[in-house]
Amino acid sequence: MSSTAITPASKILLAFAAVAISFAAADTYVVVLALPDMMSTVGLDLDELQRAAPIVSGFLLGYVGVLPLIGRISDLRGRIPVLLGSLIVFAVGSLVTAAAYNLETIVAGRLIQGIGGGGLIPPTLALVADLWPPHKRGLPLGIVGAVQESAASSDRSTALLSWPSATGG
């Protein structure tokens with residue numbers, strides 16, 4: 001971008017991307033609250049927690065695995081299509097997870113969610129670099145980081161507040 005004027009469209013794109021990132025960031029931690037219900041859905045008791053570990057690690061594997069690839073894909077295909085595609089993949093993973101009836105289906109859904117969630121970060125940061133001049137990138141990058149951390153922190157706070165009641169304390 002050669003001029004220093006920030007268009008309203010740039011701000012709308014940033015808001016869209018920030019909201020999408022908040023979904024993925026929240027989903028990284030919401031499994032802490034939902035894990036007992038997810039386990040009971042597939043017939044696992046709480047004393048079989050080790051068998052439920054792939055529910056958590058499936059998401060993280062997809063999330064981390066796609067990060068190095070998606071930046072290059074967004075260079076080739078464009079930031080907006082990759083953001084939208086990643087959001088669709090995330091939504092499909094959410095649907096698969098919600099409709100799951102066994103452990104394998106939940107893990108597959110979480111893996112798909114992780115791929116979609118991880119696909120949101122690199123194109124969002126690249127979009128900021130595309131739309132804002134270097135001397136004005138601090139605020140939009142700060143917004144993206146704050147949204148990501150506040151979504152993750154709100155879920156951690158909820159988990160901490162819910163923990164005593166979940167354990168009967």
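Predicted model: local features only at pLDDT ≥ 70, side-chain atom pairs only at ≥ 80, totals over all residues.

**Helix length, burial and packing**

Q: Which elements do the buried residues of H4 pack against?
A: The buried positions of H4 include Leu103, Ile106, Arg110 and Gln113. Several glycines of H4 are buried too, among them Gly109, Gly114, Gly116, Gly117 and Gly118. The partners against which these buried residues pack are H1, helix H2 (53–77), helix H3 (79–98) and H5.

Q: What pattern does the protein follow when read along the sequence?
A: The protein contains six helices and zero strands. Read along the sequence, its pattern is accordingly written α-α-α-α-α-α.

Q: What percentage of contacts between residues at least 6 apart in sequence join residues at least 24 apart?
A: The protein has 169 residues, of which 36% are buried. Among the contacts between residues at least 6 apart in sequence, the share joining residues at least 24 apart is 76%.

Q: What is the relative orientation of H1 and H5?
A: The axes of helix H1 (residues 8–41) and helix H5 (residues 121–131) come within 10 Å and cross at roughly 165 degrees. An angle over 145 degrees counts as roughly antiparallel. H1 and H5 are therefore roughly antiparallel.

Q: How many nonpolar, polar and charged residues form the contact of H1 with H5?
A: H1 passes H5 in a left-handed crossing. On the H1 side the contact involves Ser10, Leu13, Leu14, Ala17 and Ile21, which meet Ile121, Thr124, Leu127, Val128 and Leu131 of H5. By class, the residues of this contact are eight nonpolar, two polar and no charged.

Q: What classes of residue make the contact of H1 with H2?
A: The axes of H1 and H2 come within 10 Å and cross at roughly 165 degrees. That angle makes the two helices roughly antiparallel, and their crossing is right-handed. H1 contributes Ala24, Asp27, Thr28, Val31, Leu35 and Met38, while H2 contributes Ile55, Val56, Phe59 and Leu60. The classes in the contact of H1 with H2 are eight nonpolar, one polar and one charged.

Q: Which residues of H5 does H2 contact?
A: The axes of H2 and H5 lie 7 Å apart at an angle of about 40 degrees. H2 and H5 are therefore oblique to each other. From H2, the residues in contact are Tyr63, Leu67, Ile70, Gly71 and Ser74, and their counterparts in H5 are Ile121, Pro122 and Pro123.

Q: Which residues of H5 are buried?
A: Eight of the eleven residues of H5 are buried, so this helix is largely enclosed by the rest of the structure. The buried residues of H5 are Ile121, Pro122, Pro123, Thr124, Ala126, Leu127, Val128 and Leu131.

Q: Which residues are in contact with Ser86, leaving aside its neighbours within four places in sequence?
A: Ser86 is located in helix H3. Its relative accessible area is 6%, so Ser86 is buried, the cut-off for burial being under 20%. Leaving aside neighbours within four places in sequence, the residues in contact with Ser86 are Ile70, Gly116, Gly119 and Leu120.

Technical notes: Residues numbered from 1 in each chain as written. Heavy atoms only, no water. Axes fitted to C-alpha atoms, helices over the stretch in contact; angles between N-to-C directions. Helix = DSSP H or I, 4+ residues; strand = E, 2+ residues; numbered from the N terminus. Parallel < 35°, antiparallel > 145°, perpendicular 65-115°, else oblique. Left-handed = near helix turned anticlockwise from the far one by under 90°. Contact = heavy atoms within 4.5 Å. Nonpolar A, V, L, I, M, F, W, Y, C, P; charged D, E, K, R; others polar. Buried < 20%, exposed > 50% of the residue type's maximum accessible area, 1.4 Å probe, protein only.
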